[in-house]
Amino acid sequence: MSQARHRERYIEAILPPDPARRTIERALEQRGWPDMCVSQALGRFLTQLAMGASAAVEIGTYVGYSAICIARGLRPGARLITLESRPEHARLAKRHIEEAGLGDRVEIALGDASETLERLQEEGRRFDLAFVDADKPSYPRYLELVLHLMRPGGIIVFDNAFGRDRAWDPSAQSPTPVALRELHRRLFEEPRLVSTLLPMWDGLAVARVLM
Ligand SMILES: C[S@@+](CC[C@H](N)C(=O)[O-])C[C@H]1O[C@@H](n2cnc3c(N)ncnc32)[C@H](O)[C@@H]1O
């Protein structure tokens, strides 16, 4: 077992149980759906980040686990809007979010994320936290769209920033690694951002918008 996997195992063992994640795991097993949810440890990091936010946006709800983690951190009156294109995912996410007692803090926007982000811009909505965890080939476009929505000082997090270790292999030329390399380039070139790449899980890209 690799050192990284040993560390992950240790963290998984020491974290207190999260009943919401267990409920979600059972629901996924019943349906034969894959577990594409963030780990409990990453979920806790999202909760920490959300504690400073008055509004948050998520791209890629799936069945609601990361949305639950973000909503847990929000202060009273703060809200999360989470974007999901597949109705069957959105329906199950709604149920999980309500069962976690967080239904009043979360709005699920059904539809293609790019279209929803454009609508949010037209409506003048602004956010302090964005979590991006959807179709990887669209990540550069999501960065462009989300940047219009962020308040100064806001934080943008991209999950799976290494694309299962293909992003840093220049011979990998399929849409995901090509898009992720483009995302990395833009994150470090964009003058409005201070960005970093963290080699945790499948890679996290974290960018802070200048004040
Ligand atoms: C990896 S899963 C999200 C997992 C979730 N963030 C969590 O950790 O619990 C990605 C989700 O993005 C959704 N998705 C993919 N492309 C999308 C798009 N263009 N617009 C909105 N949602 C999309 C998929 O249907 C899927 O539910």
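Q: In which hand does H3 pass H4, left-handed or right-handed?
A: A crossing is left-handed if the near helix is turned anticlockwise from the far one by less than a right angle, and right-handed if clockwise. H3 passes H4 in a right-handed crossing. Helices (H or I, at least four residues) and strands (E, at least two) are DSSP runs, numbered from the N terminus. This is a predicted model, in which local features need pLDDT of at least 70 and side-chain atom pairs count only at pLDDT 80 or more, while totals for chains, interfaces and linings use all residues. Residues are numbered from 1 along each chain as its sequence is written.

Q: What angle and distance describe the axes of H3 and H4?
A: Two packed helices are described by the angle between their axes and the distance between the axes. Axes are lines fitted to C-alpha atoms, for helices over the stretch in contact, and angles run from 0 to 180 degrees between N-to-C directions. The axes of H3 (residues 40–50) and H4 cross at roughly 35° and come within 7 Å.

Q: Which residues of H3 and H4 meet?
A: Two residues are in contact if their C-beta atoms, placed from the backbone, lie within 7 Å. From H3, Gly43, Arg44, Leu46, Thr47, Gln48, Leu49 and Ala50 meet Tyr65, Ser66, Cys69, Ile70, Arg72 and Gly73 of H4. The residues of this contact divide into six nonpolar, five polar and two charged. Here Ala, Val, Leu, Ile, Met, Phe, Trp, Tyr, Cys and Pro count as nonpolar, Asp, Glu, Lys and Arg as charged, and the others, Gly among them, as polar.

Q: Which residues of H3 are buried?
A: A residue is buried if 20 or more other C-beta atoms lie within 10 Å of its own, exposed if 12 or fewer, and partly exposed in between, with C-beta atoms placed from the backbone. In H3, the buried ones are Leu42, Gly43, Leu46 and Ala50. They are on the same side of H3 because they cover an arc of only 105° around the axis; the arc is that of the directions from the helix axis to the C-beta atoms. These buried residues pack against E1, H4 and strand E4 (127–132).

Q: What does H5 bury, and what covers the buried residues?
A: Ala90, Leu92, Ala93, His96 and Ile97 of H5 are buried. Their arc around the axis is only 170°, which puts them on the same side of H5. Their cover includes helix H2 (19–31), helix H4 (65–73), strand E2 (79–84) and strand E3 (106–110). Pro87 and Glu88 are exposed, on the face of H5 turned away from its buried side.

Q: How is the length of H5 judged?
A: The expected span is 1.5 Å times one less than the number of residues. H5 (residues 87–99) has 13 residues and reaches 18 Å from its first C-alpha to its last, close to the 18 Å expected.

Q: Which phi values stand out at Tyr62 and Asn160?
A: Most residues other than glycine have a negative phi. Tyr62, not a glycine, has a positive phi of about 50°, and lies in the loop between strand E1 (55–59) and H4. Tyr62 counts as buried because it has 26 C-beta neighbours inside 10 Å. Asn160, also not a glycine, has a positive phi of about 55°; its loop runs between strand E5 (150–159) and helix H8 (175–189). With 22 C-beta neighbours inside 10 Å, Asn160 counts as buried.
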